[in-house]
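Colleague: I'm new to this one. Can you walk me through it?

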Amino acid sequence: VQLQASGGGLVQAGGSLRLSCEASGYTFSRYVMGWFRQAPGKERDFVATIGLIGSRTTYADSVKGRFTISRDNAKNTVYLQMSNLRPEDTAVYYCAAAKIGSRRITDYDSWGQGTLVTVSS
């Protein structure tokens with residue numbers, strides 16, 4: 001199983017970015033996908049998760065209304081559209097795959113390498 005995250009970068013507060021995570025080596029449509037993030041010096045935190053066909057999504061309260069998770073099973077890719085970004089959103093963002101929908105890191109079997117998002121004030 002391989003997950004390749006991309007799309008991070010430097011953006012000003014109030015701006016937008018779209019992260020992508022392309023999966024390979026397994027049947028993508030059979031796994032729940034999630035995004036997590038880890039700010040410098042902090043633990044890795046849940047951001048969002050999406051069900052097998054994309055109809056169920058869950059968000060952390062801190063990103064609700066600003067971030068949107070989606071997936072394209074034909075492209076084996078999950079996305080995280082981030083809008084109205086804030087400096088506190090600065091972190092390395094990781095995509096991950098799980099067999100069940102969950103906010104818990106330990107429920108995710110496979111992880112991407114992370115992509116850095118930096119939001120300047």
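Colleague: What pattern does the protein follow, read along the sequence?
Modeller: This is a predicted model. Along the sequence the pattern is β-β-β-β-β-β-β-β-β-β-β, and the secondary structure comes to 11 strands and zero helices.

Colleague: How compact is the protein?
Modeller: Its radius of gyration is 13 Å, close to the 14 Å that the globule rule gives for 121 residues, so the protein is as compact as a globular protein of that length. The C-alpha atoms fill a box of roughly 40 × 25 × 25 Å along the principal axes.

Colleague: And what share of the residues is buried?
Modeller: Buried residues make up 45% of the 121.

Colleague: How many residues are in the largest nonpolar core?
Modeller: That core has 37 residues, and Trp35, Leu80, Met82 and Tyr93 have the most contacts inside it. Among the strands that give two or more residues to this core are E4 (32-38), E8 (77-82) and E9 (91-98). Strand E9 gives the most, with six residues.

Colleague: What does Met82 touch?
Modeller: Leaving out residues up to four places away in sequence, Met82 touches Gly15, Ser16, Leu17, Leu19, Arg66, Phe67, Tyr93 and Val117.

Colleague: Changing topic: how much space lies in the largest pocket?
Modeller: About 170 Å³. The lining has 13 residues, and those closest to the pocket centre are Arg37, Ala39, Lys42, Asp45 and Glu88. E4 and E5 are the elements that give two or more residues to the lining.

Colleague: What is the lining like by class?
Modeller: Five of the lining residues are nonpolar, three are polar and five are charged.

Note on methods: Residues numbered from 1 in each chain as written. Predicted model: local features only at pLDDT ≥ 70, side-chain atom pairs only at ≥ 80, totals over all residues. Heavy atoms only, no water. Core = buried A, V, L, I, M, F, W, Y, C linked by side-chain atoms within 4.5 Å. Buried < 20%, exposed > 50% of the residue type's maximum accessible area, 1.4 Å probe, protein only. Helix = DSSP H or I, 4+ residues; strand = E, 2+ residues; numbered from the N terminus. Contact = heavy atoms within 4.5 Å. 1 Å grid on protein atoms, 1.4 Å probe; cavity = no way out; pocket = protein on both sides within 12 Å on 5 of 7 lines; lining within 4 Å. Points joined across faces, edges and corners; volume = space filled by probe spheres on them. Nonpolar A, V, L, I, M, F, W, Y, C, P; charged D, E, K, R; others polar. Rg over C-alpha atoms; globule rule 2.2 N^0.38 Å.
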